[in-house]
Every structure is written in structure tokens, then in C-alpha cells.
Amino acid sequence: MDGVWTAWLVAALVTVAVAGTVIFYTVRSGAVYNQEEARWLRLAERGVSAEATVMTLKRGRVGRTYDMGMDMTVRYVDTAQQPQEATLRAYIAEELIANFAPGKHIHIVLDPADPAQIAVDRRRTPTVLP
């Protein structure tokens, strides 16, 4: 009987360890997409509006219930009128992904103090459905 309990305990500990690892990496990999959204919230009032062209778009490794994490490369002109290229990682509703296809123009906001800090301007280019 002791062997059965030991085997059960080992199996339970392995299950908890695997589940914990999966949850940790899922939350951690989604953090980059949450950072972009937090940046937009910070820049929504004081950021400079600009237009960007989507150069590349690929599906990220994570998603939420109705949104996919998407990685896109965009080109835009900063406040010093210098061309820039940056990677944006944002959650986008599956129904809106076509609006971010390569060649499409999207609205962004950029930090006037650090024009490399950009985010999708969700007031003008929605990323999720209401």
C-alpha cells in the first residue's frame, strides 16, 4: 500500500509541476502583447499621432479568447521626420486581422520623448471588437 501512495504522490507532483510550467510560460509569452496595450494607454493622451505602413504580419504564439497575438513590422516617420521601422506585438481580434495585412496603413501613437516607443492608436485603428 505504501508503494501505491508514493506513486500517486509522485504523479501528483509531476502533474502540478507540468501545469505550473505551462501556465508560467503562457502568461510570460503573453506579456509582450500586454506591454503594447499598456504603452497605448500611457500614450493615448500625450502621444503624437502618426500613420504607419504594415510591412510584415505573423501570428504570435499566444492568444486570448477572441484575440490573437500578432507580430508586425511597421514603417513610420518620427517627430524629427526620420523614417523608422519597428516591431509591434499586439492582440488583434481575428475578425480585424485583415486590417493589419502587409501594405495596409494603420494609426499609431509615439512617445514624443522617445519616438521608438510606439503603439497602435486604438481610437483610430481598432484591435478588438466592442
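Q: In which loop is the place of glutamine 81?
A: This is a predicted model in which local features need pLDDT of at least 70, side-chain atom pairs count only at pLDDT 80 or more, and totals for chains, interfaces and linings use all residues. Residues are numbered from 1 along each chain as its sequence is written, and side-chain values use heavy atoms, with hydrogens and water left out. Strands are DSSP runs (E, at least two residues), numbered from the N terminus. Glutamine 81 sits in the loop between E2 and E3.

Q: Is glutamine 81 buried or exposed?
A: Buried means under 20% relative accessible area, exposed over 50%, and partly exposed in between (1.4 Å probe, protein chains only). Glutamine 81 has a relative accessible area of 61%, so it is exposed.

Q: What is the phi of glutamine 81?
A: Most residues other than glycine have a negative phi. Glutamine 81 is not a glycine, yet its phi is positive, at about 60°.

Q: Is aspartate 78 buried or exposed?
A: Aspartate 78 lies in the loop between strand E2 (67-77) and strand E3 (83-93). Its relative accessibility is 8%, so aspartate 78 counts as buried.

Q: Which residues is aspartate 78 in contact with, leaving aside its neighbours within four places in sequence?
A: Contact means heavy atoms within 4.5 Å. With those neighbours left aside, the contacts of aspartate 78 are Gln84 and Pro115.

Q: Which backbone nitrogen does the side chain of aspartate 78 reach?
A: The distance from the side chain of aspartate 78 to this nitrogen is 2.9 Å. The nitrogen belongs to the backbone of alanine 80.

Note on methods:
Helices (H or I, at least four residues) and strands (E, at least two) are DSSP runs, numbered from the N terminus. A polar contact is a pair of N or O atoms within 3.5 Å; within protein, one must be able to donate a hydrogen and the other to accept it, and residues adjacent in sequence count only if both atoms are side-chain atoms.
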